[in-house]
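Colleague: I'm new to this one and would like to learn how to read it. Could you take me through it feature by feature?

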Amino acid sequence: MTSPPPLESRLATSLEQFRAEGVYKRLNFIESPQNARVKMEGRGEVIILSSNNYLGLCAEPEVIEAGKAALDQYGAGTASVRFICGTFTIHREVEAALARLVGTPASLTFASCWNANEALPTTLLTDQDLVLSDRLNHASIIDAIRLAKAITKCQTGIYEHKDLGDLDAKLAAGKDRQVKLVITDGVFSMEGAIADLPGLLEVCRKHGAVLVVDDSHATGVLGPTGRGTAEHFGMVGQVDIITSTLGKALGGAAGGFVGASEAVCDYLTQRSRPQLFSNALPATVAASALASVTYLESHPERVARLRDNARYFRRRLTDLGLKPLAGETPIIPVIIGETAAAMRMSELLLDEHVFVTGFGYPVVPQGTARVRCQISAVHSREDLDQALAAFSKVGRKLGLI
Ligand SMILES: Cc1ncc(COP(=O)(O)O)c(C=O)c1O
């Protein structure tokens, strides 16, 4: 008998270990649109509290219709990259709308926000420069910076989470660097915490640094009309560079963008590798995203409803005796501790027809595994109350309350 090749056998051992430790991720298959409730294969109707569909636009008729019309007008594919085979006019339209929404002079779309984040430091920096990142930034930012270091030989560093003193000291230590880039999440996805934008801007201005805010969990969510972290703090137009996704509140399909000056967007068009060597955003997705922006601009009550729902759910979880992290965003993590325990809670909640994902190491630090609830504007009070009843039952079963 021949022994399995080393790669296959190594992977098989690791996968077996994930299963034995109770940290194996099992995929759940959904047969209906993302909405407050979904049809899950083998489970029937399930309340989904684990989706980034913050405004419920995944299933909004206007958003779906816009995608269908674009399929008819532009066909199924982009067929290659923009500068080689042409840019669809819908790309120009959605980029104008996204710039308007986030309050930057221009914007440039990518096939994902991962790509948008990856494009920034790898394209804009040189070996004369420095990039600093919040310790709890999203994986796409972390990997972008690792790549930038390898490609450009820029200096890199991490400042402690939301620690302006540490950022100030690290920028002071890098005063000889030509360009200093500071990157932060607007809303930290595993905590639901909001970046201290006024503080960050003050420190960045003091040191002549450029501030980049990844608003993936803030676009459509924060601020009275959903324009993001800047609107939340009354500072629209003041952030140098904003990145965000189209894969969450803005229709939820896929795609991302950089909102910045004309020069930054033009330079990324000329030189960024995810733009030059990868297909453009599909026209259908661009059209749905454009319809999402238009919808958001004319329905601020959706954003208000999202905020009300999040406040209600957080308060009622606390009333049950659970300990959600405090905050104002619709990301509501309940810390459980060990990864296997968080995964177990998630399984038990699914048995009660409530879909909430458990997150553990290495996504979050050891010992801080959690189930992370994400509330949507389209959850009704009945949806939320039914989910709370499930939390109460499972919480008691696990001895958490
Ligand atoms: C903060 C943040 N940035 C970037 C991304 C990546 O977005 P996309 O799915 O568009 O690549 C995510 C997705 O989870 C995110 O939470």
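Colleague: Let's start with charged pairs. Which side chain does Arg100 meet in a salt bridge?

Modeller: Bear in mind that this is a predicted model. The idea is to look for a side-chain nitrogen of Lys or Arg within 4 Å of a carboxyl oxygen of Asp or Glu. Here the side chain of Arg100 meets that of Glu297, at 2.9 Å from N to O.

Colleague: What about Asp240, which residue does its side chain meet in a salt bridge?

Modeller: Its partner is Arg205, at 3.3 Å from N to O. Asp240 is in the loop between α9 (229-232) and β8 (241-245), while Arg205 is in helix α8, so the parts tied together are 35 residues apart in sequence. Asp240 is partly exposed, with a relative accessible area of 29%, and Arg205 is partly exposed, with 43%. Salt bridges can also share partners, and in this way Arg37, Glu45 and Asp383 are joined into one network.

Colleague: Now the inside. How many residues does the largest nonpolar core have?

Modeller: First the general idea: in soluble globular proteins, nonpolar side chains tend to be buried together. In this model the largest nonpolar core has 57 residues, and Leu167, Val182, Leu197 and Leu211 are those with the most contacts inside it. Among the elements that each supply at least two residues of this core are α2 (61-74), β4 (130-134), α7 (164-173) and β7 (210-214). The largest share of this core comes from α12, with 10 residues. Apart from it lies another core, of 25 residues, including Leu317, Leu322, Val334 and Ile375.

Colleague: Can we zoom in on a residue or two? What does Leu167 touch?

Modeller: Setting aside residues up to four places away in sequence, Leu167 touches Leu132, Tyr159, Val182, Leu200 and Val203. Take Leu200 from that list. Leu200 has its place in helix α8 and a relative accessible area of 4%, so it is buried. Beyond its neighbours within four places in sequence, Leu200 is in contact with Tyr159, Leu164, Leu167, Thr184, Ala195 and Leu211.

Colleague: How do I read a pair of helices?

Modeller: Two packed helices are described by the angle between their axes and the distance between the axes. Helix α5 (residues 113-124) and helix α10 (residues 262-271) pack at about 90 degrees, with axes 10 Å apart. An angle from 65 to 115 degrees counts as roughly perpendicular, and α5 and α10 are therefore roughly perpendicular to each other.

Colleague: Which residues of α5 and α10 meet?

Modeller: From α5 there are Ala119, Leu120, Thr123 and Leu124, and from α10 there are Val264, Tyr267, Leu268 and Arg271. The residues of this contact divide into six nonpolar, one polar and one charged.

Colleague: Last topic, the backbone. What should I look for?

Modeller: Most residues other than glycine have a negative phi, and most peptide bonds are trans. Here the peptide bond from Tyr361 to Pro362 is cis, with omega near 10 degrees. Pro362 is in the loop between β12 (357-359) and β13 (369-374).

Colleague: And what is the phi of Ala79 and of His353?

Modeller: Ala79 has a positive phi near 70 degrees. Ala79 lies in the loop between α2 and α3 (82-85), and is exposed at 69% relative accessibility. His353 has a positive phi of about 65 degrees. His353 is found in the loop between α14 and β11 (354-355), and is partly exposed, with a relative accessible area of 31%.

Notes. Residues numbered from 1 in each chain as written. Predicted model: local features only at pLDDT ≥ 70, side-chain atom pairs only at ≥ 80, totals over all residues. Heavy atoms only, no water. Core = buried A, V, L, I, M, F, W, Y, C linked by side-chain atoms within 4.5 Å. Buried < 20%, exposed > 50% of the residue type's maximum accessible area, 1.4 Å probe, protein only. Helix = DSSP H or I, 4+ residues; strand = E, 2+ residues; numbered from the N terminus. Contact = heavy atoms within 4.5 Å. Axes fitted to C-alpha atoms, helices over the stretch in contact; angles between N-to-C directions. Parallel < 35°, antiparallel > 145°, perpendicular 65-115°, else oblique. Nonpolar A, V, L, I, M, F, W, Y, C, P; charged D, E, K, R; others polar.
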